[in-house]
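Please look over the structure shown below.

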Amino acid sequence: MSESLAWRIDSIDARAGLAFGSCRDADLRAAAGFPSLSADGLAVAVSPPAFEARSLSSRATGLSATRGSFQMGLFVRGQEVGFRSLEDLCEFVRRVYLRGGAGDGPDAASGQPMPPMPPSEPPEMPPLPEAVMLLEESHSGTFFGENLADFRRFSNELSPDMDIVQTRWLHSDSWLIGESGDPGRRKADLLKDGNSLLEMGCLGVFYEISCKALSYPTGESAIVICNYLEHFLAACARVGLYDRVRAYFHAVSGKSSDLEFPAWFSERVWGDDWWPWTHPYQDPVEDLSVMPLPKEIAHICTAPVAEDRSVWNLLMGIAGAPGCIDRLASSRSRLLAEGLILFAATCLTSPSYVPDSVAVNLARTAKGYPNWGELNYNRRMPNLVRAWDWLSQQLPAAAFPSALENVILGASDLAYASDQG
Amino acid sequence: VNWKDRVTSRISELNPSEQNRTFLWANVEAIGRILLGQGPDSDAVIEPAGARIVYNISSAHIASFIKLSQSDDVAPYKNGYDLKKYRIGDEVAPQDLPARVIVDQSLPEVPPESIYFGAVELNGPGIRFYGDFCLVLKCRNNSNPTILDRNSYDLIRSPFREQIEQECDPDGARKAKAKEISGGWNGDLPHIATLKTLASPVPSERRLTTGRVSESILHDEDYIEVLRKSSFNVWDLQEVRVSASDAAYENNIAERLHTGRCPSAAALQWRHRRRRAEFSLHVCGVETRIVTTPGRVR
């Protein structure tokens, strides 16, 4: 057996998460002469959503894929990349696929993109609630900063050789409790800080939508923003944060405020005729995909910056390449990014909208039960833990050498439409 | 190359009894009719039926394909040459990847940059390996393109490769082999399809079904290649097809999402892109059909 025999990519469509691989020597370059015949019988196709490998009878299928959207081979630092195992290759393709999701723009044909913020300064919004500010002050790093540092260190420690790529697999709870973490302590952290982080993410989106509503009170843009606001409030109800959004809105739009929110906006957030659980949308992914990303962290998704990215883009981008958080300079921005992905994960993993409506109705109809905020708070806790569990399973299962990590990071910048040779 | 003679030879090789020979020729005629979209007793063509050129592409690219169509791009559907900068990792010059150069130089059509490689499909969802959305071109967009009875990259794989390399002029031998496996859509497709169908055991005293013919023409990675010399846009599509298994998977993801057993992020992204792609195509007047049976004609 050749020493350079490894699982190599015959062809890959990175955004699509489709790849053909074979166990062979590095033979795609001209210097190798000609693609060898040795791999016939050990060729596979990998595809989403499961990223399982399916056996093929010939490499011809994978090579022929380059007639369309597939690139031939994967070369990094001048070498044809070789993975030690098929599992390594599949994990690489999965991560590239997720990261590519950060580059998905709004769907021009099926929806209206969020109007951009006007070039002038956005309206000044009052500060975030006290708990969120306390979180900012008490954290010099980020919520899962230690785990990210471990991940980065593992990556840097791996050999830069691309001919046979070294991989460091993480244990299954690595992103939740760290490589040598204490599960009990971590859970306590989740309960202590997670709620504030969740609020920070949620209010970060609300702030962004509010600014746009104040900038576009009428016209076509107002209709678009109203639609997105409804999606957002439906997601808040699902997570158990609708009451917090209402409380924040009440605080910022009170008598002493100079802010004049459009009537359609106030009616949806604070009125009696519209409730999020009556909203027809029942798809949390759709909700997340129309939530605008706060401008200060938009560059985490793509380079150059696209201002029309959503919370969904952010979630996919971080799940595929958590190192993108390093693009954020301030700890506040990092906390906001983590708050947003925690909010997104909680929205996806929470079972339904209904309990929140029960809580709100109790608050509105039973005079002796004013504490619906506490009810929602207690409900959020199991949702939060469930969300962290889910999120930790989506984040990388393995670290690759930094050159390969950079390749994954760049997957969000790929575009079929504009990238003509 | 006379594909009709090859069919005759193949039937002779099968050495059928007189009765079976009658059935075989009836089946051969039926294959031709099915490919043309004709019924068994009439030459009238059932409009949506018959063989089509198809291109499989990921749902991830549908939004861009539509955007390019709407902006009058000269090639909304891109081939590998159009997309040479769509890649991760190092950039590599085409001449540094000899496999493609060798195959392209052997093809009966030139220049390779102008060729948009598709496949012949009857009622199925195309070559799923290349993408979950199968773009089906309208019949009127066929201008008698060259077809190959198999994937052109078979020219550099076993067993053709060994045969070709035994010759004193491998490049010439490869070109000759490419010529040998090629034909024209209008004249040769029924014969090539017949040979593909007859390559697997055919019932001797039974008539072939449409589903059986459809599955013979394109099955997994075994297909008839089309060398179409122009790109196309979204309005050139008759329809888009997706496989029943993908549709079932998509629904399972939705079911799990709504019952609180959250599927993986990759699964959610896959479903989200498919939903958006389907809706965008619908807005453009192109319907997405789930292929539940290879015998479907509309």
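## Lining of the second largest pocket

In this predicted model, helix 9 of chain B contributes four residues to the lining of the second largest pocket, the most of any element. Helix 9 of chain B spans residues 244-258, and helix 8 (210-217) of chain B also supplies at least two residues of this lining. From chain A, at least two residues each come from strand 2 (18-24), strand 3 (43-47) and strand 4 (52-56).

The volume of the second largest pocket is about 760 Å³. The lining holds 35 residues, and those closest to the pocket centre are Arg54(A), Arg128(B), Asp220(B), Ser243(B) and Ser245(B). By class, the lining has 19 nonpolar, nine polar and seven charged residues.

## Sheet of chain B

Chain B has an open sheet of eight strands in the order 5-4-6-2-1-3-7-8, and the pairing is mixed. Its edges are strand 5 (182-184) and strand 8 (288-291) of chain B, each of which pairs on one side only. From one strand to the next, the twist averages 40°.

## Strand 3 of chain B

Strand 3 of chain B covers residues 133-137; five of its five residues are buried, so the strand is largely enclosed by the rest of the structure. In a regular strand, side chains alternate between the two faces of the sheet. In strand 3 of chain B, Phe133(B), Leu135(B) and Leu137(B) point one way, while Cys134(B) and Val136(B) point the other way.

Strand 3 of chain B has two antiparallel pairings. With strand 1 (residues 52-57) of chain B it pairs over four bridges, and Phe133(B) is the bridge partner of Ile57(B). With strand 7 (residues 237-243) of chain B, strand 3 also pairs over four bridges, and Cys134(B) is opposite Arg241(B) of strand 7.

## Helix 9 of chain A

Helix 9 of chain A runs over residues 263-270, and its buried residues are Trp264(A), Phe265(A), Arg268(A) and Val269(A). Viewed down the helix axis, these buried residues lie within an arc of 120°, so they line one face of helix 9 of chain A.

Technical notes:
Residues are numbered from 1 along each chain as its sequence is written. Chains are lettered from A and ligands numbered from 1 in the order in which they are written. This is a predicted model: local features need pLDDT of at least 70, side-chain atom pairs count only at pLDDT 80 or more; totals for chains, interfaces and linings use all residues. Side-chain values use heavy atoms; hydrogens and water are left out. Buried means under 20% relative accessible area, exposed over 50%, partly exposed in between (1.4 Å probe, protein chains only). The arc is that of the directions from the helix axis to the C-beta atoms. On a 1 Å grid over the protein atoms alone, a cavity is a set of points where a 1.4 Å probe fits but cannot get out, and a pocket is an open set with protein on both sides within 12 Å along at least five of seven lines; lining residues have an atom within 4 Å of a point. Grid points are joined across faces, edges and corners, and a volume is the space filled by probe spheres set on the points. Ala, Val, Leu, Ile, Met, Phe, Trp, Tyr, Cys and Pro count as nonpolar, Asp, Glu, Lys and Arg as charged, and the others, Gly among them, as polar. Two strands pair if DSSP finds at least two bridges between them. Axes are lines fitted to C-alpha atoms, for helices over the stretch in contact, and angles run from 0 to 180 degrees between N-to-C directions.
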